[in-house]
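Subject: Structure for your review

Dear colleague,

Please find below the structure that I am handing over to you, together with its sequence.

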Amino acid sequence: MSQDTTPKKTHCLGRYLVDLQADTRVDAKFKYASGDVETKKNVSQSSFESLVSKREAQLKNTQHKLGGSMLDERLNFGVDEVLLQSWSSSVGSKKIHLNEVFIYAPQQQTMFRQSAESSASAKSHTIELFKRVASSYQYREPASTPSQVGFCIDSGLIVSALLSTEEVSASFKFKSYPTVSVYFKSYVTGNPDAELLSRTGGIPGALAGAAAGMNTLRRANRDLGAVKGQELLVRANADGKRAYEFLWESQGKSNSIEFPFLSLKLTTSAETNEKGQIVDAPFKTDQEALKFWDDILQTLRLRPGAV
């Protein structure tokens, strides 16, 4: 199956871009400043205000075992930027805060929520951090590729080039290849690991049981521009069926938002026919599998202007 004429769509994931078939389903999760980031669309102004108020009331009405309510403080950074700071547990000590930041883009009726824990002893620092972070959120059309500095999230951009904990975990599912899954991961690392090929011993864990019928298609260094990486591409044969496990990794540089840890992984699952019988893996040949992989991996690049 040739992909040369297949329409493509560019996806902005964190500070990196990747081009995928236009009908690919992308599910992604994001972390920034040690917090999980969520996006809610089609949220009216009144719904946003009600949601924040209900969460505030819930915290106020929940008692901590050491006395007082779970809510420690509400701070309004801006018209549509609210921080609810509470205790992380109703039964533990009052040493850890849960910080929930709510940001609203009224014109696009989109809400962002970021939640992270912090030390209660660092309260003033935490408040200043999330005040800055809240003001950094901008709405982004999902199909757009921004040109300014920042970290792409679902329908948003966090405009900052400051070093922070950043993480993206995404899965790609393909309409024309239903039994193929591709996974992307990126995170800022403080301590890069040993390189892929020095760790694996040549056998990906998922295929260890089929080692006797395993064929290595590629095992080599593979750089993407300035990004240093390695790939290990393996096909296994078991019970007359083929399975593929492809992995590319870049260990990144310590404390770098430009060169984070990056990985791209492809795995195949068994396919069944109309009789429910297990048939071969989705790729007819190794060459088709390699082309599918290359068509994705070679597009992975740092977004211009991201840092």
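I begin with Leu266. Leaving aside residues up to four places away in sequence, Leu266 is in contact with Val180, Ser181, Val182, Tyr244, Glu245, Phe246, Phe283, Phe292 and Trp293. Please bear in mind throughout that this is a predicted model.

Nonpolar cores

Leu266 belongs to the largest nonpolar core, which has 49 residues. Together with Phe172, Phe174, Val182, Phe184 and Phe292, Leu266 is among the residues that touch the most other members of that core. The element that gives the most to this core is helix H4, residues 286-297, which supplies six residues.

Strand S12 (residues 166-174) is paired with strand S13 (residues 177-187) through eight bridges, in the antiparallel sense.

The hairpin of S1 and S2

Strands S1 (residues 8-13) and S2 (residues 16-21) run antiparallel and are joined by six bridges. Leu13 has Tyr16 in S2 as its bridge partner. Two residues lie between the strands of this hairpin, and Gly14 adopts a positive phi near 70 degrees there.

The sheet of S9, S11 and S10

An open sheet is formed by three strands in the order S9-S11-S10, with antiparallel pairing. Its edges are strand S9 (137-139) and strand S10 (151-153), each of which pairs on one side only. From one strand to the next, the twist averages 25 degrees. The pairing of S10 with strand S11 (residues 156-158) is antiparallel and comprises three bridges, and Cys152 stands opposite Leu157 in S11. Helix H2, residues 123-136, lies across S9 and S11 and runs at about 15 degrees to S9.

Backbone angles

Most residues other than glycine have a negative phi. Two exceptions may be of interest to you. Ser155 has a positive phi, near 60 degrees, and is located in the loop between S10 and S11. With a relative accessibility of 1%, Ser155 counts as buried, because the limit is 20%. Asn255 also has a positive phi, near 55 degrees; this residue lies in the loop between strand S16 (241-250) and S17. The relative accessible area of Asn255 is 47%, so Asn255 is partly exposed.

Aromatic and charged contacts

How many aromatic pairs does the count come to? It comes to 12. In one of these, the ring centres of Phe30 and Phe151 are 6.4 Å apart and the planes stand at 85 degrees, so the pair is edge-to-face. Phe30 is in strand S3 (residues 25-32) and Phe151 is in strand S10, so this pair ties together parts that are 121 residues apart in sequence. Phe30, at 7% relative accessibility, counts as buried, and Phe151 is buried with a relative accessible area of 3%.

Phe48 and Tyr104 provide a stacked pair, with 4.8 Å from centre to centre and 15 degrees between the planes. Phe48 lies in helix H1 (residues 45-60) and Tyr104 in strand S7 (residues 96-105), so parts that are 56 residues apart in sequence are tied together by this pair. Phe48 and Tyr104 are both buried.

One aromatic cluster is formed by Phe174, Tyr177, Tyr244, Phe246, Phe283, Phe292 and Trp293. Finally, the charged end of Lys253 sits over the ring of Phe259, at 4.3 Å from the ring centre.

Yours sincerely

Note on methods
Residues are numbered from 1 along each chain as its sequence is written. This is a predicted model: local features need pLDDT of at least 70, side-chain atom pairs count only at pLDDT 80 or more; totals for chains, interfaces and linings use all residues. Side-chain values use heavy atoms; hydrogens and water are left out. A nonpolar core is a set of buried Ala, Val, Leu, Ile, Met, Phe, Trp, Tyr and Cys residues joined through side-chain atoms within 4.5 Å. Buried means under 20% relative accessible area, exposed over 50%, partly exposed in between (1.4 Å probe, protein chains only). Helices (H or I, at least four residues) and strands (E, at least two) are DSSP runs, numbered from the N terminus. Contact means heavy atoms within 4.5 Å. Two strands pair if DSSP finds at least two bridges between them. Axes are lines fitted to C-alpha atoms, for helices over the stretch in contact, and angles run from 0 to 180 degrees between N-to-C directions. Rings of Phe, Tyr and Trp (its six-membered ring) pair if their centres lie within 6.5 Å; planes under 30 degrees apart count as stacked, over 60 as edge-to-face and the rest as tilted. A charge sits over a ring if NZ of Lys or CZ of Arg is within 6 Å of the ring centre and within 35 degrees of the ring normal.
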